[in-house]
Amino acid sequence: MPVQIGAKLDSGFDDPLGMLQDCHRRIERFLAILCDVAERAHARALTSEEANAIRTALAYFREGGRRHTADEEESLFPRMRTLAPPGTLDPLDHLEDDHREADQLHDDVDRLYSGWLAAGPLNPTLEQSLLDKTRRLRALYAEHIQTEETTVFPAAARILDRATIAAIGSEFRGRRNAG
Ligand SMILES: [Fe+2]
Ligand SMILES: [Fe+2]
């Protein structure tokens with residue numbers, strides 16, 4: 001039996017809103033790695049510890065990060081739009097725009113870091129580009145996650161009934177089995 005000391009156990013498929021919040025904590029952790037290494041490893045090769053951490057963070061966003069977006073856009077948001085009174089869920093459109101911007105930033109950050117890992121320090125222009133993009137991601141996610149956790153998820157908990165929550169959880173499970 002897994003033992004976890006001093007930390008909350010991850011939520012299960014019966015609590016998809018809890019799963020989304022758990023995922024936010026992972027996003028914040030892996031994003032901090034992408035941001036912090038870009039800030040401190042100026043004009044030098046990455047240490048092996050940094051390189052391993054960056055590889056892990058890039059792999060997370062390629063798979064878990066994209067799945068999180070699908071969980072929200074394909075399972076949660078459409079059901080909220082169906083059930084909420086018209087005009088009350090305007091933040092969802094903005095959140096989807098954020099997802100598109102974050103996808104593009106992640107693609108760029110992945111390409112820049114992959115170049116750094118493969119061929120050593122980036123030239124100053126590319127290094128500045130990586131810094132700009134990781135800083136933008138940090139700002140974007142800070143606001144985005146706050147909106148989801150203080151506005152959208154509480155609204156979902158109010159308007160979605162148990163059967164709908166169960167259906168969302170089973171779609172989350174299917175997405176993980178498929179991937
Ligand atoms: Fe989101
Ligand atoms: Fe989210």
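This is a predicted model: local features need pLDDT of at least 70, side-chain atom pairs count only at pLDDT 80 or more; totals for chains, interfaces and linings use all residues.
Take the iron ion (ligand 2) to begin with. Its donors are H24 and H68, each through NE2, plus E72 and E148, each through an OE atom, and the distances run from 1.9 to 2.1 Å. Along the chain these residues follow the pattern H-x43-H-x3-E-x75-E. The geometry is irregular, because the four donor atoms subtend angles of 84 to 171° around the iron ion (ligand 2); a tetrahedral call would need all angles to lie between 85 and 135 degrees.

The iron ion (ligand 1) has its own set of protein donors: E72 (OE), H99 (NE2), H144 (NE2) and E148 (OE), sitting 2.1 to 2.2 Å from the metal. Here the sequence spacing reads E-x26-H-x44-H-x3-E. This site is irregular too, with angles of 82 to 168° among its four donor atoms. The two iron ions, ligand 1 and ligand 2, lie 3.2 Å apart, and E72 coordinates both. E72 belongs to helix α2 and H99 to helix α3 (residues 91–119), so this pair ties together parts of the chain that are 27 residues apart in sequence. Both E72 and H99 are buried.

As for the bridge itself, E72 spans the iron ion (ligand 2) and the iron ion (ligand 1). E148 is buried, and so is E72.

What about the packing of these two helices? The axes of α2 and α4 come within 12 Å and cross at roughly 40°. That makes α2 oblique to α4. The crossing of the two helices is left-handed. On the α2 side, the contact residues are F61, H68, E72, L76, F77, M80 and L83, and they meet Y141, H144, E148, V152, F153, A155, A156 and I159 of α4.

One more residue of helix α4 deserves a look, namely T147. T147 counts as partly exposed, because its relative accessibility is 22%. Leaving aside residues up to four places away in sequence, T147 touches P91, L95 and V152. T147 and P91 are 56 residues apart in sequence, yet their C-alpha atoms are 7.9 Å apart in space.

Note on methods. Residues are numbered from 1 along each chain as its sequence is written. Chains are lettered from A and ligands numbered from 1 in the order in which they are written. Side-chain values use heavy atoms; hydrogens and water are left out. Donors are N, O and S atoms within 2.8 Å of the metal (3.2 Å for Na, K and Ca); water is not among the atoms, so sites may look incomplete. Four donors count as tetrahedral if all angles lie between 85 and 135 degrees; four count as square planar and six as octahedral if opposite donors are over 155 degrees apart and all others between 65 and 115; anything else is irregular. Buried means under 20% relative accessible area, exposed over 50%, partly exposed in between (1.4 Å probe, protein chains only). Axes are lines fitted to C-alpha atoms, for helices over the stretch in contact, and angles run from 0 to 180 degrees between N-to-C directions. Helices (H or I, at least four residues) and strands (E, at least two) are DSSP runs, numbered from the N terminus. Angles under 35 degrees count as roughly parallel, over 145 as roughly antiparallel, 65 to 115 as roughly perpendicular and the rest as oblique. A crossing is left-handed if the near helix is turned anticlockwise from the far one by less than a right angle, and right-handed if clockwise. Contact means heavy atoms within 4.5 Å.
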